[in-house]
Amino acid sequence: MAAKILIVEDQLIVRKGIRMIVEQNPELVVIGEAMNGVEAIKLVEQELPDLILLDIRMPEMDGVATVKVVKERWPEVKILVLTTFNDDGAALETLKDGVNGFMLKTAEPEKLIQSIHSCLSGVLVLHEEVAARMVPMLSERKVEKQTNEGTLTEREMDIVRLVGTGKTNKEIAQQLYLSVGTVKNHITNILQQLDLRDRTQLAIYAVKNDLID
């Protein structure tokens, strides 16, 4: 079954261009378009998309506010933020609310499709140029380490570091000589111990706490 995609972008030409790119992939279907967060939330209620391609700067209700509402009401819905270099600060704010990735609007069409599929599979997506700017910003916003981090085993800490670098479960399994099922079980336990919602929050946690080499 094709994954359901909702496009939220206030500029009509940009929105239609994104739709054309997405619809070229038979594994993806666009179930709607919105020009602001208010329209987007109504469509999520009606259609429950698998993934939202979301602009940050929009009238009435911007991307930051939209992420908060969607992730509170429908945490299973993936959100891939479409950003520009001028949106860095606002985009960073959405990380704590659980967005699943960031892509530059200037990215190649093939890269956008690849990122959509990565998001859908649960991987935190950071376009290379976005990561180069945002990771240092994350590092500057140090947070106090959670006291329950000390309960993680050495193996679990290895997995946290690899999640933080954007590795998939399969890649982690290959690197640590584990089965994919074992990796999934470890991640579930880690999320419970650290009181985190999903692997996106876990990746952010790894970056903020200097767990990545």
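How many helices and strands does the protein have? It has 10 helices and six strands, where helices (H or I, at least four residues) and strands (E, at least two) are DSSP runs numbered from the N terminus. This is a predicted model, in which local features need pLDDT of at least 70 and side-chain atom pairs count only at pLDDT 80 or more, while totals for chains, interfaces and linings use all residues. Residues are numbered from 1 along each chain as its sequence is written, and side-chain values use heavy atoms, with hydrogens and water left out.

**The whole chain**

Begin with the entire protein in view. Of its 213 residues, 49% are buried; buried means under 20% relative accessible area, exposed means over 50%, and partly exposed lies in between (1.4 Å probe, protein chains only). The protein exposes about 10,500 Å², and carbon and sulfur atoms supply 51% of that area; accessible areas come from the Shrake-Rupley method with a 1.4 Å probe, and for residues only the protein chains shown count as cover.

Now select strand 1, residues 3-8. Five of its six residues are buried. Strand 1 pairs with strand 2 in the parallel sense over six bridges, and Lys-4 stands opposite Val-29 in strand 2. Strand 1 also pairs in the parallel sense with strand 3 (residues 51-55), over four bridges. Here the bridge partner of Val-8 is Leu-54 in strand 3.

**Asp-55**

Select Asp-55, which is found in strand 3. Is this residue buried or exposed? Asp-55 is buried, with a relative accessible area of 2%. Leaving aside neighbours within four places in sequence, Asp-55 is in contact with Val-8, Glu-9, Asp-10, Gly-63, Leu-82 and Lys-105; contact means heavy atoms within 4.5 Å. An unreviewed UniProt entry carries the annotation "modified residue: 4-aspartylphosphate" for Asp-55; UniProt positions are given in the numbering used here, feature names are shortened, and annotations may be inferred rather than shown by experiment.

**Gly-122**

Move to Gly-122, in the loop between helix 5 and strand 6. Gly-122 counts as buried at 18% relative accessibility. Not counting residues up to four places away in sequence, Gly-122 touches Lys-78 and Arg-199. Thr-168 is 46 residues from Gly-122 in sequence, and their C-alpha atoms are 8.0 Å apart.

**Helix 8**

Finally, select helix 8, residues 169-176. Which of its residues are buried? They are Asn-169, Ile-172, Ala-173 and Leu-176. These residues cover an arc of only 100° around the axis, which puts them on the same side of helix 8; the arc is that of the directions from the helix axis to the C-beta atoms. On the other side of helix 8, Lys-170 and Gln-174 are exposed. Just after helix 8, Tyr-177 takes a positive phi of about 55°.

Definitions and conventions
Pairing = 2+ DSSP bridges.
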